[in-house]
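Open the model in your viewer and keep the selection tool at hand. The tour moves from one selection to the next.

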Amino acid sequence: MRKNIVAGNWKMNTTLPEGLELAKNVNKALENVDAKCDVIICTPFTHLASVNAVIDKNKLGLGAENCADHRSGAYTGEISAPMVASTGATYVILGHSERRQYYGETSETLKEKVALALENGLTPIFCIGEVLEERENGTAFDVVKAQIEEALFNLSAEDFGKLILAYEPVWAIGTGKTATDDQAEEMHAFIRGVIADKYGKEVAENTSILYGGSCKPSNAKALFAKPNVDGGLIGGAALDADSFMGIVTAFE
Ligand code: PGA
């Protein structure tokens, strides 16, 4: 059966000392709760090796927020999947809407990133989601389906089964405007159907699909109660250990 997962996406926040402090606080808080979900923090590249050294990886997973679409070479400033893996991180967020929007990431580059992540033993947390205009003009479902098909449907069923998906309606990210639990459930069920049509029911049932976009302690419980919502990808609320734990403990 698929896992319930709460993953933090720190984005471009925290200096190294601040990040270490936050990671330690989350790690400590997890010692005192019986978490009913896997818990992951995805931090800036600069923090990975140091955070890896201070957390209990049996309780808290570690991931990067991106990786390069090349294995190595003359790509100044880029960080490759093997580099990420060498820090001890085992997850990587790919295709976040901020990467698509501000850094021009396309399904073609994401296909390369997913392949390199898998090749290096990293679990991609692959993000999909429509912008407001697409939600309003009724194309949200087509857009999300195309994002999945274009970047992921070249994978074998075995490799697809290694992914975590995150549905993040772009209009809900950092805006305080959360999708309703019914809107999330409707899209998550649709996504599971798209996966089932391609890879069969078993792969679809085993894929964890997280919701992201202004998820916080006050709305996490209702979202996670939906049958097709398997947890959350958390931005702003992951930057404070107490609010992040408020979301982790929304699973009972
Ligand atoms: P948010 O971000 O929780 O701050 O809306 C979520 C995300 O972008 O992953």
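Select the shell of residues around the ligand in this predicted model. How does the shell divide into nonpolar, polar and charged residues? Four are nonpolar, seven are polar and two are charged. In total, 13 residues surround the ligand. The closest of them are Lys-11, His-96, Glu-168, Gly-174 and Ser-214.

A polar atom in the side chain of Lys-11 is 2.7 Å from a ligand oxygen. For His-96, a side-chain N or O atom lies 2.7 Å from an oxygen atom of the ligand. On its own the ligand has 290 Å² of accessible area, and the protein covers 95% of that.

Go back to Lys-11 and look at its backbone. Lys-11 sits in the loop between strand E1 and helix H1 (16-31). Its phi is positive, about 55°, although Lys-11 is not a glycine. Most residues other than glycine have a negative phi. In the loop between E1 and H1 you will also find Thr-14. Thr-14 is not a glycine either, and its phi is positive too, near 75°. Is Thr-14 buried, partly exposed or exposed? Its relative accessibility is 25%, so Thr-14 counts as partly exposed, since that class lies between under 20% for buried and over 50% for exposed.

Now select helix H11, residues 217-224. Which residues of H11 are buried? They are Asn-219, Ala-220, Leu-223 and Phe-224. Look down the axis of H11: the buried residues fall within an arc of 130°, so they line one face of the helix. An α-helix has 3.6 residues a turn, so residues three or four places apart point the same way.

For the last stop, select helix H7, residues 140-152, and find Glu-150 in it. With a relative accessibility of 44%, Glu-150 counts as partly exposed. Leaving aside neighbours within four places in sequence, Glu-150 is in contact with Ser-107 and Lys-111. Finally, draw a distance from the C-alpha of Glu-150 to that of Leu-132: the two residues are 18 apart in sequence and 21 Å apart in space.

Definitions and conventions:
Residues numbered from 1 in each chain as written. Predicted model: local features only at pLDDT ≥ 70, side-chain atom pairs only at ≥ 80, totals over all residues. Heavy atoms only, no water. Near = heavy atom within 4 Å. Polar contact = N/O pair within 3.5 Å; in protein donor to acceptor, adjacent residues only side chain to side chain. Areas by Shrake-Rupley, 256 points an atom, 1.4 Å probe, with all protein chains shown as cover. Nonpolar A, V, L, I, M, F, W, Y, C, P; charged D, E, K, R; others polar. Buried < 20%, exposed > 50% of the residue type's maximum accessible area, 1.4 Å probe, protein only. Helix = DSSP H or I, 4+ residues; strand = E, 2+ residues; numbered from the N terminus. Arc of directions from axis to C-beta. Contact = heavy atoms within 4.5 Å.
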